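Colleague: I would like to learn how to read chain dimensions and helix packing. Please take me through one example.

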Amino acid sequence: MDLMPILSTLRRHKTAALLIVFEIALTCTIVCNALHLISRRITTLNTDIGIPESELLVVDLRGANKVENADAATQRDLAALRALPGIKAALVINQVPYHDNNNYSGVSLSNDEKAPRIDTSQYEATEGMIKALDLKLVEGRDFEPQEMLNDSQFTGGGEGPAIPAIIITRTLAERLFPGQSAVGKQVYVYGDKPQTVVGVLERLSPPSPSRHAGDGNLAMILPLRPAWNTGNYLLRVEPGQRDAMLKKIVATLEPLDSNRVVTTQRHLSDMRNDYYRQDRMMAWLLGGVCLALLVITALGIIGLASFWVQQRTRMIGTRRALGATRHQILRYFQAENFLLSSAGIVLGIGGALGLSAVLMRNAEIAALPWSYLPAGALMLYLLGQLAVLAPARRAAALPPVAALRGQ
Amino acid sequence: MIRYYFELALRNFRRSPGLTALMLLTIAIGVGACMTTLTIFHVLSRDPIPHKSSQLYNVQLDAGRANGGFTPGGEPMLQLTRFDAEALLREARADRQVVMTGGGTSLTPGDGKERPFIARGRWASSDFFAMFDVPFLYGNGWSKADDANEARVVVISKALNERLFGGTDSRGKIIRLRDKDLSIIGVLNDWRPAPHYFDLTLGAYGDTAEVFAPFSTALSLKFSTWGNFNCWGNVGNDPRGVNAPCSWLQYWAQLDTPAKAEAYKDYLKQYSDKQRAANRFERPTNVRLRPVMEWMSVQQVVPADVSLQLWLAFGFLAVCLVNTVGLLLAKCLRRSGEIGVRRALGAPRRQIFLQFLVEAGSLGLVGGLLGLVLTGLGLWAVRQGSSDYAKLVTLDLPMLATTLVLAIVASLLAGLLPAWRATLVTPALQLKTQ
């Protein structure tokens, strides 16, 4: 098909043609980047931190009055919970994934206070954490019973005994001892005495996974037992019985001590949903904006194309009278749109890369992967062709005589 | 003449209702999206205490260890240690000053009928209420003497007073916090500073406290504290002790003139130097004294997502505008004949230009009104969401006006090009082709 007549017609409608090109370019710029942002959000939303989330329940108790003998009360609570049928595991843990409480400590290779430290997420739990959370030891072992200490020995009074052992994640092990096995090596977290690495975990996410997307899983477990008032109850049950079990658990804990208030009783998967609500909202919002942009662009193309058809009635009629088929008229408008779309898309790809560079600099968002560009281009070509179809068909349907008589 | 142009515009809109509706909708959606995000941004970044935000200063000292991760001259520690906060409070060199922390404690209502629950608390020294202009319904805050005596007094929020005492004047009544009885001396009126600027560690848009008690009292009664707690070195057995190497307290100073602020900053430097000399501080002196708005911008109170949304919305509006320009242009070119007749009858170019601008402007006015409805809808949707600022986003009068102005300015801008093109129509040529 000869493009020359189209080009010469467009030259006579420079402003309108440029506007269409510009609109397509802007839409392409925004949509490519927005789609990229959406896919990043969705990746974040679907991040698996490798624990059986659907089987975990979180219950938190706080004391109404001064707390006495918290360690003994914790053991009593845990014994009562473990006696419940349907409980696969019960423990008290100092921080829970997706919860707003985060504990960090610096890990260092020497006890010199000026030595560099790696800020690491610090887990403490009563016995059974590794099994309850399905954590995988790639090296070494779990804590021995004689290594476990009560956390209250450290915060409650005096200096406390030395903490003998520590379990760390593979990410932390590689940072501390690159290229070597970490098991048996010593690190300093607390006090003047070192802790020996007894185990290396495949992974363990800090409680706020998305805040640490860059540094992998910098986490460790210390053999310190929190008490009920310094940690949360974490319980593992069959996924189908979560609601029933949560009621039973609260009903078991409450009468054991009337001096306590239940402040949290939730499914971990609900906490996860809450944790990601902002990301989810943003993904929907970006999606909505993309859709609205495409609709508006399509409407703009339809509007201008309709106007052109009306304006060119005489031209169309002449061509039809000279023997052009309906098909050829249709093709003419489609080719015209293809030309305009191409110009818009070329500009838009430049714009998309430019916007991506701005986002990289100002919002620390990763570069736009190139695959979004052909995808965006294809989408806009399709959109343009679809939008121009109705006006073009109307043009093709004009009978030659009516067209000549028109105007 | 303008009235005539409005009539012309109306007649014109009637002649092509489809195209007109399309343009109105485009403007309305663009303006609606823009104003929804702009309102959120406006709400989230607004000055929480406009009449004195430039007199209230957040104080930072750099008390941490100079170990591996430390960069000289960087951002100092977020909060103060108890030792430093109490020293500054004692010396009282500012017009007003306050030390405080968020907290939480179980609350047992006086009559013992209701079960205990956990109440949000703020443990602060006596200047708190005067400094942050906290409104009272009944009574008032506590005195410096109460601070010194660790008085068992408490101020409660209006909502808590409704809940426990049905909104009556509850002064003199007793509530039990943890296992201690405190007597109510004041009830606040409605007060929800947003952003929660004086303590951002509990969320910038979080709820305010329900109980307020003297800092000294809360510490001696061992009420628990909430928020960011950062320790280094040997903490010992009491991380909240006077000498514990932990930063966990917010400290604010009210300085009524810039000169006083300068002097106070010098005083902080001297204080920091003295602590270095005494080997308490290891890092080079690095103090910060930031007024409210600067503090909020450094702490990046507005979520990054909200800024991103704002830019996205403006991009969206740009597309809507380009679209409107295109459609207006199409409409106006179609009316070349009409323009030709008007020109031939003696209308100068200026009048033609004016006519088309009036048309674009009235389109903008109607589109703006529609956009206002969409903005209302958008904000309603945001309020239904669960973000922690959801309840704060409402349309105020200035934003309402901004919406209309934005719509009209936007559509006038969109109308400029078509109007200019209209003036280029040569009367003779048009009349001939008719």
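Colleague: What radius of gyration does chain B have, against a compact globule of 434 residues?

Modeller: The radius of gyration is taken over C-alpha atoms, and the globule rule is 2.2 Å times the number of residues to the power 0.38. For 434 residues a compact globule would come near 22 Å, whereas chain B has 30 Å. The C-alpha trace of chain B spans about 100 × 55 × 35 Å along its principal axes. This is a predicted model, where local features need pLDDT of at least 70, side-chain atom pairs count only at pLDDT 80 or more, and totals for chains, interfaces and linings use all residues. Residues are numbered from 1 along each chain as its sequence is written, chains are lettered from A and ligands numbered from 1 in the order in which they are written, and side-chain values use heavy atoms, with hydrogens and water left out.

Colleague: What percentage of the residues in chain B is buried?

Modeller: Buried means under 20% relative accessible area, with a 1.4 Å probe and protein chains only. In chain B, 53% of the 434 residues are buried.

Colleague: At what angle do helix H2 and helix H12 of chain B pack?

Modeller: Axes are lines fitted to C-alpha atoms, for helices over the stretch in contact, and angles run from 0 to 180 degrees between N-to-C directions. Helices are DSSP runs (H or I, at least four residues), numbered from the N terminus. H2(B), residues 17–44, and H12(B), residues 349–384, pack at about 45°, with axes 7 Å apart. H2(B) is therefore oblique to H12(B), as angles under 35 degrees count as roughly parallel, over 145 as roughly antiparallel, 65 to 115 as roughly perpendicular and the rest as oblique.

How values were computed. Helices (H or I, at least four residues) and strands (E, at least two) are DSSP runs, numbered from the N terminus. Buried means under 20% relative accessible area, exposed over 50%, partly exposed in between (1.4 Å probe, protein chains only).
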